[in-house]
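Here is my note on the charged side chains. Please read it with the model open.

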Amino acid sequence: MLGRMPLNSRGGRQRSASVSGPGRPGRATSLLRRLARLAAGVVSGFLILSLGLVLLYRIVPPPVTSLMLLRLADGYGLHKSWRPLDQISSALIRAVIASEDQRFCLHHGFDWGAIETAWEQYRSGEGELLGASTISMQTAKNVFLWPARDWLRKAFEAYFTALIELAWSKRRVIEVYLNVVEWGPGIYGADAAAEHYFHKPAAGLGPTEAARLAAVLPDPLDRSASRPDEDVLERSAFVLRQMPRLPVLQPLPCGE
């Protein structure tokens, strides 16, 4: 019996090794599966939430945007009011399209010609990747995302642009854009901007006032529609020249 004990002892050690050895790859596989399930859950949750918000905002006005909250934290205040598109001057609709996206009624969210031009300019080393943003892209950024120029945000911007182009009409896109875009420090929405700069509702804006409002959109913190500098005057003159040439249909903007 004593002679067989070392054999049993060695056998026990061998059996123990044979059980514990293969367990490590098994635990790693289990961990990878859990991580895969977690990733799938996160992606599924994001898809469900994003689709739900896009469908909700097809009917309901977005209550607030990340930019509004950031500006509020910076001390700019928050002044906004929502108006349906038929209570916004047709001159302003034309002016904004003329200034920001003249092919708005012709593309499906992306102006590929402008994107190619901006990309070639970026690759040539002439500056950052700027421009080429359609009104649909700007709406997606303003409503659903954060204000930044990083590639991650641009990827999400493309995703949400495709969603709103599929789920919303062009009329809804321009309506949401005009009501959430920043027109001045703490000023959001066409009606709030019209009251702030011209002391009248958005429905009462004339072509010159509309062109000046459109001219401040590229730099709303430093430009003023009521006290226009040379840049605003030059830009608004360009907008006024372009407004009659737009490819729009009645009812504005695209006959929908």
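1. First, a term. A patch is built from residues with over 30% relative accessible area and no salt bridge; like charges are joined within 9 Å, and nonpolar side chains (Val, Leu, Ile, Met, Phe, Trp, Tyr) within 5 Å. Asp229, Glu230, Asp231 and Glu234 form such a surface patch, of negative charge. Glu230 belongs to helix H11 (residues 230-242). Helices (H or I, at least four residues) and strands (E, at least two) are DSSP runs, numbered from the N terminus.

2. The source matters. This is a predicted model: local features need pLDDT of at least 70, side-chain atom pairs count only at pLDDT 80 or more, and totals for chains, interfaces and linings use all residues. Residues are numbered from 1 along each chain as its sequence is written, and side-chain values use heavy atoms, leaving out hydrogens and water.

3. Seven salt bridges are present. Each needs a side-chain nitrogen of Lys or Arg within 4 Å of a carboxyl oxygen of Asp or Glu. One joins Arg71 and Glu182, with the closest N and O atoms 2.7 Å apart. Arg71 sits in helix H3 (residues 66-73) and Glu182 in strand E2 (residues 182-184), 111 residues apart. Both are buried. Buried means under 20% relative accessible area, exposed over 50%, partly exposed in between (1.4 Å probe, protein chains only).

4. Asp191 pairs with Arg83 in another salt bridge, at 3.3 Å between the closest N and O atoms. Asp191 lies in helix H9 (residues 190-198) and Arg83 in the loop between strand E1 (79-80) and helix H4 (90-100), so the bridge ties together parts 108 residues apart in sequence. Asp191 has 6% relative accessibility, so it counts as buried.

Definitions and conventions: Accessible areas come from the Shrake-Rupley method with a 1.4 Å probe; for residues, only the protein chains shown count as cover. Lys and Arg count as positive and Asp and Glu as negative; His and the chain ends are not counted. The place of a charge is taken as NZ of Lys, CZ of Arg, CG of Asp or CD of Glu.
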